[in-house]
Amino acid sequence: MRCLVFLLFVALANARVYTRCEWARVLKNYGMDGYHGISLAEWVCLSQWESSYNTAAINHNTDGSTDYGIFQINSRWWCNKGRGVTSNACNINCSELLTDNVQVAIDCAKLIIMDSGISAWVAWRDHCKGHDLSPYLAGCGL
């Protein structure tokens, strides 16, 4: 348990909060624009509402699970927080989602898309689906 707490502190020390356009460029560079039919604007919108582009974002849910990182990936299904029941479908420790190494979060998000689609994210359903998303890329030069 002490090791997990230590790793969590290390992860948070290496976290980052992106600006909207910085995050859009990162996503584009990682091939997320059009990934499984999901537009870059949808990814940026989702990230805004899930974490405000913060890789260190954590949300504790009423069911005992926790959401981690810039995409708010859930510990019950996708990562292992070291306690409780988990499917750990992304085969990662949840603390890996809290660093500025967004490759881990992006790889896991891709698995989520393949398994459950973008509607797995409540923020996308509530704030992005069916909305004009052009403001999320406006002024970014993409």
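**Salt bridges**

Let me start with E22, which is partly exposed, at a relative accessible area of 28%; by that I mean it sits between buried, under 20%, and exposed, over 50%, with a 1.4 Å probe and protein chains only. Before I go on, the ground rules: this is a predicted model, so local features need pLDDT of at least 70 and side-chain atom pairs count only at pLDDT 80 or more, while totals for chains, interfaces and linings use all residues. Residues are numbered from 1 along each chain as its sequence is written, and side-chain values use heavy atoms, with hydrogens and water left out.

So what does E22 pair with? It forms a salt bridge with R16, and the closest N and O atoms are 3.2 Å apart. For a salt bridge I take a side-chain nitrogen of Lys or Arg within 4 Å of a carboxyl oxygen of Asp or Glu. R16 is partly exposed too, at 35%.

How many salt bridges does a search of the whole structure find? Three. Another one is D33 with K28, at 3.6 Å from N to O; D33 has a relative accessible area of 41% and K28 has 38%. Then there's D63 with R76, at 3.5 Å. That pair links distant parts of the chain, 13 residues apart: D63 is in the loop between β1 and β2, and R76 is in the loop between β3 and α4. Helices here are DSSP runs of H or I with at least four residues, strands are runs of E with at least two, and both are numbered from the N terminus.

**The sheet**

Those strands make an open, antiparallel sheet of three, in the order β1-β2-β3. Two strands pair if DSSP finds at least two bridges between them. β1, residues 58–60, and β3, residues 73–74, are the edges, each pairing on one side only. Strand β2, residues 66–68, is joined to β3 by two bridges, and Y68 has I73 as its bridge partner there.

**The core**

Now look inside. The largest nonpolar core has 40 residues, meaning buried Ala, Val, Leu, Ile, Met, Phe, Trp, Tyr and Cys joined through side-chain atoms within 4.5 Å. Which element gives the largest share? That's α4, with eight residues. W43 is among the residues with the most contacts inside this core. Leaving aside neighbours within four places in sequence, W43 is in contact (heavy atoms within 4.5 Å) with residues including W23, L27, F71 and W121.

**Disulfides**

Last topic. There are four disulfides, counting cysteine sulfur atoms within 2.5 Å. C45 and C128 are joined, S to S 2.0 Å, and they link helix α3 to helix α5 across 83 residues. The torsion about that S-S bond is about -95 degrees, so the disulfide is left-handed. C45 is buried, at 0%, and C128 is buried as well, at 1%.

C79 and C94 form a right-handed link, with 95 degrees about the S-S bond, and both cysteines are buried. C90 pairs with C108, sulfur atoms 2.0 Å apart, tying the loop between β3 and α4 to helix α4. Its torsion is about 85 degrees, so this disulfide is right-handed.

And if you number the bonded cysteines in sequence order, the pairing reads 1-8, 2-7, 3-5, 4-6. That's it from me.
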